[in-house]
Amino acid sequence: MLSDRRQRVLAALIEEYVARALPVGSRTLTERYKLGVSPATVRNELSILEDEGYIAQPHTSAGRIPTDFGYRTFVDDLLANDTLPDEERYRAVAEDLRKSASELDSLLEQTSSALARLTDCLSIVLAPTVLETRIKQITLVSLTTFRAICVVVTEDGNVFNRQMDFTIPVGSDELSRIQVLLGKALCGKSLSDVERGLSFGMKRAFSDPLVRAVLDEVLSCIQEGQTGRTHQLGMSALLAQPEFSRTDAVLPLMQVLEDDTVLLHILDDLTSTEDLSVQIGKENKTEGLSGVSVVASRYGRGEAEGVVAVIGPTRMDYSKVIQAVRAASAALGES
């Protein structure tokens, strides 16, 4: 447990390092921050913080930089005391996002863009899992007697469509009948509800081969909507950070970020137990993320939840990033 004075010295050192990406010396802290103690006292406190693993000295003649442990202590203190500035600013951002986008996909894209702009880091927004999103409306549009289009609208505002072909002629009246039947059976239910089993009456209705074939197309239409549901922006801003000027530092990160499947599992793990998660450096289970921090939050309700996250250097401005992620989560959660 750090004393109040050491917490202030550590916070000042982190603030300075975040701003300039250069090792911080005692003179800099004394001149730029009102710590209320002498330079000798600051030097002594830095020595103790180094001995206890909160900061490190990269070179003998250099100043100090925070360690992952130092950042963790700083973030925990930040969250415990709720000392996050500019709350009104980020609340206004959330409100603007909600007002500016009428459809979920547009809101996801705008949210990702706003996060990247606010944080100068990589922003990632994952849409709620389609398997748990409930169906609002099913429309079947006849193109010819052998071809139709299936349009599915979900309760969270997504619209999916898929072309279907028939091996036998299907008239528009027959298609309308199937649309009404499927609408009554499926609207208000999720794919998981359907997959867990249908009632006896529904099973009997779906015994018709044509109805069953159209049902399969409807379910495939929704499942296809799962692809491309990750919105990422800000990669160039992330790679412009001095930490990633070396190829050996950036390649492991790029390999992780290019694999959507790995990324989905990482973000799901990060937010499985709490509303807001901050993983710093080597706290990340995936080796390729050991040089970055990930701030992530769930949004949405119940099982139909998505994830919003920011990935940046461990030297990120945690106060700003946490506020931005919270604002994004609020905007998406109330959409």
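Start at glycine 188, which follows helix 7 and has a positive phi, near 90°. Helices here are DSSP runs of H or I with at least four residues, strands are runs of E with at least two, and both are numbered from the N terminus.

A word on the source. This is a predicted model, in which local features need pLDDT of at least 70 and side-chain atom pairs count only at pLDDT 80 or more, while totals for chains, interfaces and linings use all residues. Residues are numbered from 1 along each chain as its sequence is written, and side-chain values use heavy atoms, with hydrogens and water left out.

Back to helix 7, residues 172-186. The expected span of a helix is 1.5 Å times one less than its number of residues.

Which residues of helix 7 are buried? They are Leu175, Ile178, Leu182, Gly183, Ala185 and Leu186. They cover an arc of only 165° around the axis, so they sit on the same side of helix 7. The arc is taken from the directions from the helix axis to the C-beta atoms. On the other side of helix 7, Asp173 and Lys184 are exposed. Buried means under 20% relative accessible area, exposed over 50%, and partly exposed in between, with a 1.4 Å probe and protein chains only. In general, an α-helix has 3.6 residues a turn, so residues three or four places apart point the same way.

Next, the aromatic rings. Rings of Phe, Tyr and Trp (its six-membered ring) pair if their centres lie within 6.5 Å; planes under 30 degrees apart are stacked, over 60 edge-to-face, and the rest tilted. The count is two aromatic pairs. One of them is tyrosine 71 with tyrosine 318, tilted, at 5.6 Å centre to centre and 50° between the planes. This pair joins helix 4 (residues 68-81) to helix 14 (residues 318-333), with the two tyrosines 247 residues apart. Both tyrosine 71 and tyrosine 318 are buried.

Tyrosine 318 has another partner: its side chain makes a polar contact of 2.7 Å with the side chain of serine 293. A polar contact is a pair of N or O atoms within 3.5 Å; within protein, one must be able to donate a hydrogen and the other to accept it, and residues adjacent in sequence count only if both atoms are side-chain atoms. Serine 293 lies in strand 9 (residues 292-301) and is buried, at 0% relative accessible area.

Last, the cysteines. Cysteine 121 is buried at 2% relative accessible area, and cysteine 150 at 0%. With a disulfide defined as two cysteine sulfur atoms within 2.5 Å, the count is zero.
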